[in-house]
Amino acid sequence: MKGNTMTIQYNLHSREGLSLLLTLPEPSRIAVPAVREAVEKFAKRAAQHREASAALATADGAVARVRAAIAAEAADAAEDGGSVPAKKLVKKLREAQDALDEARITFEGRDTALRKAHANVRDVIRHHTPAWRAASLDAVDAAVLRVTSAREMLRKAGADLDEALSVLGMLNRIPLDGIPAVLPIDNSAAYVSEALDRIGSAIGSALDSLDREKGAAKSTPDVVVPVPGEDTVDETPAQPSDEVAFTIGGEDE
């Protein structure tokens, strides 16, 4: 998965076209408690869905293996004209099919719960957009100050680095030409200068975005959208799929 370790990402696909995508900050970094709780709930439902999907695949494979074993046993019994133990074989097959039906019912329940949890995350975010936007604007302000401070620290450290390396250059040359003049010995100063320029550009870009977002928030305030109850979420149950993929940010699964 691409992205930094401070985000989580879920991406579920099924052959029926179901797509549930979620890419958000790691729950502990979400400023709004209601959103954080909704995301944590979705993560739990996703884990349960994954377990149910694996159990369904295992049960389905078991039925196929039992059918093959039954066919082989029946053929062996009938080969010499003996009786075929049909009742015993049917019982084996029925047990495997019952296990498959149970796994399918469990999967369908987990699938519906997962999609409701996903819809709830979306609705909760919409409802709490004003609060999350305000918190995010404050976070940008604070982060810009930290980056600016870090840039100043880098500038001072870069000057110290350049000076120390240049003194080493002078000490290296003085036995050769007797000239007591500091001399750069590598390109580190240029790299630091480039980094400072890039950080400065990043700060400028962030401040432009911050001004733009603050202006938009004033001219077009967010509207608080009610959160529907989970029972009102209209979801069509999906069929079990063998094409389910999950990705959690910071670590491939």
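Which residues are buried in H4? In this predicted model, where local features need pLDDT of at least 70 and side-chain atom pairs pLDDT 80 or more, totals for chains, interfaces and linings use all residues. Residues are numbered from 1 along each chain as its sequence is written, and side-chain values use heavy atoms, without hydrogens and water.

The buried residues of H4 are Ser188, Val192, Leu196, Ile203 and Leu210; buried means under 20% relative accessible area, exposed over 50% and partly exposed in between, with a 1.4 Å probe and protein chains only. Their cover includes helix H3 (129–177). Helices (H or I, at least four residues) and strands (E, at least two) are DSSP runs numbered from the N terminus. Helix H4 covers residues 188–219, and its 32 residues should span 46 Å at 1.5 Å a residue, which agrees with the 47 Å between its end C-alpha atoms. The expected span is 1.5 Å times one less than the number of residues.

The structure holds one aromatic pair (ring centres within 6.5 Å; planes under 30 degrees apart stacked, over 60 edge-to-face, the rest tilted). The rings of Tyr10 and Phe42 have centres 5.2 Å apart and planes at 85°, so the pair is edge-to-face. Because Tyr10 lies in strand E1 (residues 7–13) and Phe42 in helix H1 (residues 33–79), the pair ties together parts that are 32 residues apart in sequence. Both Tyr10 and Phe42 are buried.

Phe42 is also in contact (heavy atoms within 4.5 Å) with His118. His118 lies in helix H2 (residues 86–127) and is buried, with a relative accessible area of 16%.

Note on methods
Rings of Phe, Tyr and Trp (its six-membered ring) pair if their centres lie within 6.5 Å; planes under 30 degrees apart count as stacked, over 60 as edge-to-face and the rest as tilted. Lists of a residue's contacts leave out its neighbours within four places in sequence.
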